[in-house]
Amino acid sequence: MTSSADATHEIRTGLDKEALKQAFLDALFYVQGKFPALASRTDYHLALAHMVRDRLLQRWVSTAAAYTEQGARTVAYLSAEFLMGPHLGNNLINLGIMEELRSALDELGLSLDELLAAEEEPGLGNGGLGRLAACFIDSMATLELPALGYGIRYEHGIFHQQIQDGWQVEKTDRWLRNGNPWELQRPEWAATVNLGGHTERYLGDDGCERVRWVPDRIVNAIPYDTPILGYRTNTCNTLRLWRAEAPEAFDLDRFNHGDYFGAVNRKTVSENITKILYPNDETWQGKQLRLEQQFFFVSASLQDMLRILRTQRLPLTTFHEKFAVQLNDTHPAIAVAELMRLLVDEQDLSWEKAWEITGKTFAYTNHTLLPEALERWPLPLFGSLLPRHLEIIYLINADFLELVRRRFPDDEGLLGRLSLIDESGERFVRMAHLACVGSHTINGVAELHSKLLKQDVLRDFFALWPDKFTNMTNGVTPRRFVALSNPKMTALITEAIGEGWLKDLNQLQRLEPLVEDASFRERWHAIKLHNKRVLAGRLLRSTGVATNPASLFDIQVKRIHEYKRQHLAVLHIVDLYRRICSDPTLQVAPRTFVFGGKAAPGYRAAKLIIKLINSVAAVVNNDPAVRGLIKVVFLPNFNVSSGHDVYPAADVSEQISTAGKEASGTGNMKFTMNGALTVGTLDGANVEIRDAVGVENFFLFGMTVDEVAALWAKGYEPAQYLQSNRRLADVIELIASGHFSDGDKQLFVPLVEGLVQHDPYMLFADFQSYLECQAVVDSAYLDVERWTRMSILNTARSGGFSSDRSIGQYAAGIWNLKPVHVNLLTRNAARIGVLQ
C-alpha cells in the first residue's frame, strides 16, 4: 500500500502526466496562492516553473551529495556573462517531459506554448561570450562533469532594444519584474568583498612581514543559485550568481537626523555594482564600476571555493587539485592576483607555495583578435580601487620579467612588450598579460584564432611558453538550438536515426544517405518552409513588414560591429535594388534579408549601421519597382528567445567578417545545425565549418588572412576600388545622395567617408567577390532539389560543433576532470551532505 508520504513525493518529483498535472495545480494553489478562476498567465507560468524546479531540486541535491561524498574535482567557470535564455523549455527538453506536460496542460485547457512565451529572458550577457558560457554549463551537466558556473546577478541585463525612426533606442531590461522562480538565494554563504583603502605592513606570529589590506568600503556578495540540468541525466550542476548588498542597508541615525538620502546612500552605492550589465565605460566612473564588477564576482567566487574546501575538510594546499578554474576571457583575470592575496595574506601561505597553487589552478580562454578588446586598466584607477592587488601584480611582474631576462637576455624590447604594466605612455595594467602569466593553459576558440594568437596577439607569450597554448574550438548545445528551437526537424531526424543523436551529435552523419531519398528531401523542405512561416509571423508582429516564406531567407543576426560587416550586406542589397529598378526584366530569386543585433550604447558607427539598414528597408520595401523581389527587415531586440525562431528558418547564414577579425563565432554553428547554408569568409570557425560540410556546400568569398595582411602592408587605398568598380561607386553614390534618408545628404556622411577614406575592415576590397558569391547563391536556390541536398548535408556534418565535443576536450585536455555518476536520492535520504 502506498503511504501518503510516498504519494506526495511522487507528485513532487514524478514525470508521468497525472503527477505533472497534480503538481502543477498544487504549485498554483500553494506557491502562487491562486485558483484557476483568478489566475493570470503569469501565475500559470510561475506555477509551472516551480513545478519543474521541484524535479530539478531532487537531482540538484542528489548531485551535490554525490560531489561532496566523493570530494570530486570540480571546474569553476568564471564568466562575466551567462546568457542563459529562457529556462523552462530547456529544462523540459532535458527532463524529457515536453509532450507529457503538453498533454497534461491540454486537459486543463491551457497552452504550453503560451506559458513558455510568458517567461522573461534573463539578459545576463551581451552576445556570443555569454551564450557560449550557457552552452558550456549545459554540456558540463550533460557529460556528468562536476562544475560550478560563477558570475554576476545583474538586476538589469542587456538593454531592451527598440527601433524608433530607424534608430536604436535603449530601454531598461526588467527581467526580474515577476521574480525569478529558478533561483534560490543562499545568504548563509555570503562573502565579504573589500574595495579601496590602503595597505599596512605588520609582523606575523612567525616573525615574518605580512600585509593587511585596510579597505575604505566593504560590500557583501549574496549568492543566488540556479540549477542547471543535463540532458537525460541525473546530474544537475549549479550556476551561482552574486548580488551586491551593503553590510548596513539603512543608517537609522542619519534618518533620524533628517538625512534621508544619506540613510540609504551606502545601500545605493553598494548595489550599483550589480545593477546593470556593462555600464558605459567612456567615463572614469564607468571604468571604475566595471572594474568593481569584475573584482566583486571574482573575489566572492574564490572565497566560495575556499569555503567548499573547508566544508569538505580538504587541505588548503590541495586547492588546485579540487578546483580547475577557467577564466572566460579577460574579465575575470583579476582572479590571479586575488587568489594570491587570499592565500598569502589571509591564509598565511608562503609566496612561493601560493604561486605554485595559483599557476596550477587557472586556465585562460582568449576570445578576441582585436587588440583594443584586451582589457587594460589605468594604473591610478586600479591602485585606488585595489591597492593590495597592484602590489601583488608588481611582485608577479618582477619575478616574471626576471624570467624573461634569463630566457632572452638580448631582447630588451621584449620586456616592455610582455610586462604586466604598459608603460608606453599612460600606464595601464594589462589584464590579458596577467591571465597569461598566471595560467597553466591558454586557449583560442577556433583553429584559425589559435593560430593567429600565436602569430600575432600573444606571439611573445607563445615564444616564451609554447606548451601553454592549445585550441578548443567553440560549440553550441543542440538541445536548445535544435531540439527546442526546431521540433519538427528534430522529430524527423529522430524518426530517421533514433534518439541518441542529441547526446552524440556525430550520429547526424547517418543522415547523409538520406539526401538521395526523395521523400525525406520533400519532408525536410516542407519543415524548412514551415519554420520560415513561423519567422514571417514574428517579423510581421514585431515590425509590421509582411514577408514571403517562399523567398530565400538571408539572415545576419549578431552583435552590430564594423568588423562583422553588416554594412557589406547592405551594400549588396543596395546594388540588387538598383539592378532591379533599372531593369524591369531582371529575374532573381526572391529574397528576404533579415538583420538583428544590438549596438553598444556608445558605439556611434554601429548605431548608424542600424539606421542605414532600416532606412534602406523603408525605401526598398515600399518601392513598387522592386516588384516584391526583395524585402529587408530589422528584427528588434534579438535575443535567445527570438533565436529559437530565427535559426531554424534561415536558408542562408551570413558570416562575413573580415578574415582575421572574428575569433570563432557560434551563430554560424547554430545556423549550420539547422540546415542553413553559409555565405562566409575564411574567418573564425567558418574555416572548420567549410571543411566539415564540404566546400561544395559552403559559399566562400573574400580575402584570406594572409591576403588581408599583404594588402595592408602594400598600402590599402579604398578609393581605388571605388574608382575601378562602377557598381560599388553607384551604391555609394546612391547612399550619399540622400536617397535612403529623405534627401538628407549628411545623415550617412560619417559612414560613407569612413569607408571611402579608411575602410578599416576592407568592405571595398571584398565587395566584388561578395557580389559574385551572392550570384552563385541565387542560382543555387532556384534548384530546389540541389539546395535541399546541401541543407541536409550541412546538418548531417555539423556534429563536431556541439558544445559537448568542446567540453569533452576541455575536460580531458585542460581540466583533468572525470565524470561523476549521480544516483537520485529520495526525500527520506537523511545522509545528504552539504551543498556546494
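**Close-up views of a predicted model**

View 1. Where pLDDT is low, the predicted coordinates should not be read in detail. The protein chain as a whole averages a pLDDT of 94, and 96% of its residues score at least 70. Because this is a predicted model, local features need pLDDT of at least 70 and side-chain atom pairs count only at pLDDT 80 or more, whereas totals for chains, interfaces and linings use all residues. Residues are numbered from 1 along each chain as its sequence is written, and side-chain values use heavy atoms, with hydrogens and water left out.

**View 2. Phe 382 in the largest nonpolar core.** A nonpolar core is a set of buried Ala, Val, Leu, Ile, Met, Phe, Trp, Tyr and Cys residues joined through side-chain atoms within 4.5 Å; buried means under 20% relative accessible area, exposed over 50%, and partly exposed in between (1.4 Å probe, protein chains only). The largest such core has 188 residues, and Leu 78, Phe 382 and Trp 815 have the most contacts inside it. Helix 10 (residues 284–311) gives the most to this core, with 12 residues. Helices (H or I, at least four residues) and strands (E, at least two) are DSSP runs, numbered from the N terminus. Not counting residues up to four places away in sequence, Phe 382 touches several residues, including Leu 291, Ile 334, Trp 377 and Met 431.

**View 3. The salt bridge of Asp 345 and Arg 388.** A salt bridge is a side-chain nitrogen of Lys or Arg within 4 Å of a carboxyl oxygen of Asp or Glu. The side chains of Asp 345 and Arg 388 form one, at 2.7 Å from N to O. Asp 345 belongs to helix 12 and Arg 388 to helix 15, so the pair ties together parts 43 residues apart in sequence. Asp 345 is buried, with a relative accessible area of 11%, and Arg 388 counts as buried at 4%.

**View 4. The salt bridge of Arg 479 and Asp 804.** These two side chains meet at 2.7 Å, N to O. Arg 479 lies in helix 20 (residues 478–484) and Asp 804 in helix 34 (residues 803–815), so the pair ties together parts 325 residues apart in sequence. Arg 479 counts as buried at 0% relative accessibility, and Asp 804 is buried at 8%.

Notes: pLDDT = per-residue confidence, 0-100. Contact = heavy atoms within 4.5 Å.
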